[in-house]
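Notebook open, structure loaded. I want to go through a few spots and jot down what turns up.

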Amino acid sequence: MSTPHVVVVMGVSGTGKTTVGPLLAAALGVPYAEGDDFHPPANIAKMSAGTPLDDRDRWPWLDAIGAWAHERAGLGGVVSSSALKRAYRDRLRAAAPGAVFLHLTGDRALIGQRLAERKGHFMPVALLDSQFAALENLEADEAGVAVDVSGTPQEITTRAVAALRRLDEN
C-alpha cells in the first residue's frame, strides 16, 4: 500500500482475526496489536462466564484500541477488534480517522467449527450467535474490504493484502 494505514481486522469471534492479523502485519511490514489485550479484566470475566458484553463494556475497550490506532497514524499498523457494529467502527474512526477495516467473513458453520476447536480462549461458542446477531456489515461509505475466511491463514492473508491494495488504488 502506498501510505501506511492502520488496518482494523474485524469480524465475529472465530474468523481468524488473531491468526490473520499478525500475518497481515508481517506482509505489510507494520506492527500488530491484539485487540483482546485491550479488554479490561471485567470484560474478560464477563465473556468467560458466557455473558455477552454490552455497549458500556465495549466503549473503554474501543477507546483503548482507538488510542493505539491514533498513535500509529501515518506509521501503519494492524489491530484486531470485532468492530461488529457501525457505531463501534465510527468510534474507532473518531480516534483514528484514517483507519481501514478488513472484515473477515465466512459461513456460520465453518466459523463455529473453528471456534469449537480453539483452545485456551475466553470466548465460548455459545456467544457466536449473539455476535452474528449484532454484526453490521461494512457500508459503502466505510473505508474497508471484506475477505472470506475459507482456506488457510496464508491464503486469507494473501487475499487480504490484494484487497487492501485494490482499495488503496481507488
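Terms before anything else: helices (H or I, at least four residues) and strands (E, at least two) are DSSP runs, numbered from the N terminus. The model is predicted, so I keep in mind that local features need pLDDT of at least 70, side-chain atom pairs count only at pLDDT 80 or more, and totals for chains, interfaces and linings use all residues. Residues are numbered from 1 along each chain as its sequence is written, and side-chain values use heavy atoms, with hydrogens and water left out.

**Entry 1, Asn 43.** I found Asn 43 in helix H2, residues 41–48. Buried or exposed? I looked up Asn 43. Its relative accessible area is 3%, and buried means under 20%, exposed over 50%, partly exposed in between (1.4 Å probe, protein chains only). So Asn 43 is buried. Its side chain has a polar contact of 3.1 Å with the side chain of His 39. For the record, a polar contact is a pair of N or O atoms within 3.5 Å; within protein, one must be able to donate a hydrogen and the other to accept it, and residues adjacent in sequence count only if both atoms are side-chain atoms. Ignoring neighbours within four places in sequence, I get Leu 53, Asp 57 and Trp 61 in contact with Asn 43, where contact means heavy atoms within 4.5 Å.

Next I went to strand S3 (residues 77–80), where Ser 80 sits. Ser 80 is buried, at 2% relative accessible area. Which side chains make polar contacts with that of Ser 80? I got Tyr 32 at 3.1 Å and Glu 34 at 3.3 Å. Beyond four places in sequence, the contacts of Ser 80 include Val 9, Lys 17 and Ile 65.

For H4 (residues 86–95), I list Arg 86, Tyr 88, Arg 89, Leu 92 and Arg 93 as buried. They lie on the same side of H4, because their arc around the axis is only 160°, taken from the directions from the helix axis to the C-beta atoms. Their cover includes strand S1 (6–10), helix H3 (55–71) and strand S4 (100–105).

I have the two helices packing at about 35°, axes 8 Å apart; axes are lines fitted to C-alpha atoms, for helices over the stretch in contact, and angles run from 0 to 180 degrees between N-to-C directions. Among the residues making the contact are Trp 59 and Leu 62 of H3, and Tyr 88 and Leu 92 of H4.
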